[in-house]
Amino acid sequence: MAFVDGVPARREELKTLQEVRRRSELLVSLGSCSSFGGVPAAQHFHDLSDLKKYVYKGMEDLHSLEIFPISNYVRVDFQLRGCPASKWEILETLTALIAGRVPQLKSYPQCVDCKIRENRCLLLDGLPCLGPITRAGCGVVCPSAGVPCDGCRGPTEEPNLTSAVKLLSRGTTYPDLIRKFQKYCSLVPEYQELFDKWKW
Amino acid sequence: MAEMTNTNIGLSRGLESTPELKRWLLELAGSYQVLTPVEKGVNRVFAEISPGLEVVPDAPQERTVLPAKKAFLPPEEPLFGFEKDLLKPPPQPPGTVIFGLRVCELSADRLLTAAMESGPGDYPFTSRRRLGFTIGVPCRRSAACFCEKTGHDRIGAGDFDLFLASSEEGPVLWAGTVEGRELAQGAPFPVRAIEEEIRAPVPPDSQAWPLDALPGLLRESFGATMWEELATRCLGCGNCTVVCPLCYCFFTRDETGWDPSVGRRLRHWDSCQLVAFARVAGGHNFREARSERIWYRFSHKFMRMQEAFARPGCSGCGACLHFCPVDIDPRRVIEAVLEVTGSGQGAR
């Protein structure tokens, strides 16, 4: 069983990934980058020469592959999302597979776990919290510390995007809201309609 | 604000937090787990009393995030442990005293207990509830509450253990049960027996919804466009059911260790508003559309619980509205049901 963290950004890494797949029975993508693109996938919405100028200063000879989740290249048996991945999910996946159970990961929104912790609701305070459309499982780390959810775990099942965007637009500008979605979820299929309407 | 109808034991008077009250509750904490509303940041929550906490029976923030049901039905609890073929019972629950319940909360507690005792009974809940005591306090109305619409604006004397209210001679503890009277033995307030029901202060001209007719009307409203309209706004976040004093659906899961023969079975609160709630093995989902799930929430409360217990599974506390990010108001939903079935204001 192999855990793969991160995405291939260089040709050698792609070869390593394929070799890991060949040599393992089960392959688990660990974290948001390998699972659905994460932060590096934001490159799809920016000009590469700009990125080289501002982000990778002094590394002009950098040659990066286009960033895709590892499922783009190899078969993935389990996905553990999050930035970083959740220790509970890692433990549940391992112990479930040892016992021959199907790992029971949460697919519902953060709000459920956040209410159970009796946290202050940041949405009621007018802050742009992605909790209602983001998959639970991290233990609502950020909202519990008073920081709005950034959506690093990707969308919940069937998010009501139209209503969520309307709600979130109240406390932020539209470009900032798009940036928030694109921080981790540039390649997430559920959010593409949002990006199609917005070009930088 | 409209003048409230007077209640029999002076509920419209505020209740002050006194050192005697806190001392008594701390004394009870020697023998019981004592929960009381306290401030947690901007929120009000039921928490175990301790010397450093301030007891706030009558605070401007009208509601706790989680209802008192969490004492008897925790958000997560082990049902049993196992080691090879040996089953291990969960730890014995403590006796619990919940202080600071409003009339609608006491009423919700009775109905939830009735639901959990029905049929074979829910053992983990009933074993905790049997060891539990409830102490009521006066309530203030908020713009979001509507107990007079649901009939949860009154509570029979046998349905609570004690009720602390102000009177001209100071605070009085009204004892609704024999157990309550015994619990009050060391209390620093005069204890009186009460036989009549206690009523919440409600607007004088208020009228309940046609609760007996609602089951039929909800059936009739199935598939109406009002549910689709709600579904365009509803985020499906589950807040409404988590904060509801009368939601009790749950799911179970197993937890195993590195040695797979050792583990435990847990149950967690579930929510009918979540996509996976009615999904079964094989992947079929009995309530695929969000609109169906919203209809189901209201029909469980105003149809199924009304039919089974002659009371709706909505206490009118307004917590779901308070915590709904998109302001879905149960009053508007029921009014829309009356409207689309031709039973609204105009028809009556």
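Start with the largest nonpolar core, which has 55 residues. Select A:Phe181, B:Leu214, B:Trp227 and B:Phe302, the residues with the most contacts inside this core. A nonpolar core here is a set of buried Ala, Val, Leu, Ile, Met, Phe, Trp, Tyr and Cys residues joined through side-chain atoms within 4.5 Å. Buried means under 20% relative accessible area, exposed means over 50%, and partly exposed lies in between (1.4 Å probe, protein chains only).

This is a predicted model: local features need pLDDT of at least 70, side-chain atom pairs count only at pLDDT 80 or more, and totals for chains, interfaces and linings use all residues. Residues are numbered from 1 along each chain as its sequence is written, chains are lettered from A and ligands numbered from 1 in the order in which they are written, and side-chain values use heavy atoms, with hydrogens and water left out.

**Stop 1: the core, element by element**

Go back to the core of 55 residues. In chain A, colour helix 7 (161-168), helix 8 (174-185) and helix 9 (192-196). In chain B, colour helix 6 (214-221), helix 7 (225-233), helix 9 (290-309) and helix 11 (330-340). These are the elements that give two or more residues to this core. Helix 9 of chain B gives the most, with six residues. Helices (H or I, at least four residues) and strands (E, at least two) are DSSP runs, numbered from the N terminus.

Now centre on B:Trp227. Which residues is B:Trp227 in contact with, leaving aside its neighbours within four places in sequence? The list is B:Leu218, B:Ser221, B:Phe222, B:Ser291, B:Ile294, B:Trp295, B:Phe298, B:Val333 and B:Val337. Contact means heavy atoms within 4.5 Å.

Another core, of 49 residues, lies apart from the one you have coloured. Select B:Leu73, B:Ile155, B:Ala157 and B:Phe163, which are among its residues.

**Stop 2: B:Arg293**

Stay on helix 9 of chain B and pick B:Arg293. Is B:Arg293 buried or exposed? B:Arg293 is buried, with a relative accessible area of 2%. Beyond its neighbours within four places in sequence, B:Arg293 is in contact with A:Glu158, B:Cys272, B:Gln273, B:Leu274, B:Val275, B:Arg287 and B:Glu288.

**Stop 3: two loops of chain B**

Move to the loop between helix 9 and helix 10 (319-322) of chain B and find B:Ala310. B:Ala310 has a positive phi of about 60 degrees although it is not a glycine. B:Ala310 is exposed, at a relative accessible area of 61%.

Next, select B:Asp327 in the loop between helix 10 and helix 11 of chain B. Phi of B:Asp327 is also positive, near 55 degrees. B:Asp327 counts as partly exposed, at 46% relative accessibility.

**Stop 4: a sheet in chain B**

Show the open sheet of four strands in chain B, with the order 4-3-13-12 and antiparallel pairing. Two strands pair if DSSP finds at least two bridges between them. Strand 4 (86-88) and strand 12 (250-256) are the edge strands, each pairing on one side only. Seven bridges join strand 3 (residues 76-83) to strand 13 (residues 262-269) of chain B. Select B:Phe82, then its bridge partner B:Gly263 in strand 13 of chain B.

**Stop 5: a sheet in chain A**

Cross to chain A, where three strands form an open sheet in the order 1-2-3, with parallel pairing. Strand 1 and strand 3 (78-80) stand at the edges with a single partner strand each, so one side of each has no neighbour in the sheet. The twist averages 25 degrees from one strand to the next. Three bridges join strand 2 to strand 3 of chain A. A:Leu30 stands opposite A:Leu80 in strand 3 of chain A.

Axes are lines fitted to C-alpha atoms, for helices over the stretch in contact, and angles run from 0 to 180 degrees between N-to-C directions. Pick A:Thr93 in helix 4 of chain A. A:Thr93 is buried, with a relative accessible area of 0%.

In the loop between strand 3 and helix 4 of chain A, find A:Pro84. The peptide bond from A:Cys83 to A:Pro84 is cis, with omega near 0 degrees.

**Last stop: helix 1 of chain A**

Select A:Leu14, A:Leu17 and A:Arg21, the buried residues of helix 1 of chain A. These buried residues pack against strand 1 (2-5) and strand 2 (27-30) of chain A. On the other side of helix 1, A:Lys15, A:Arg22 and A:Arg23 are exposed.
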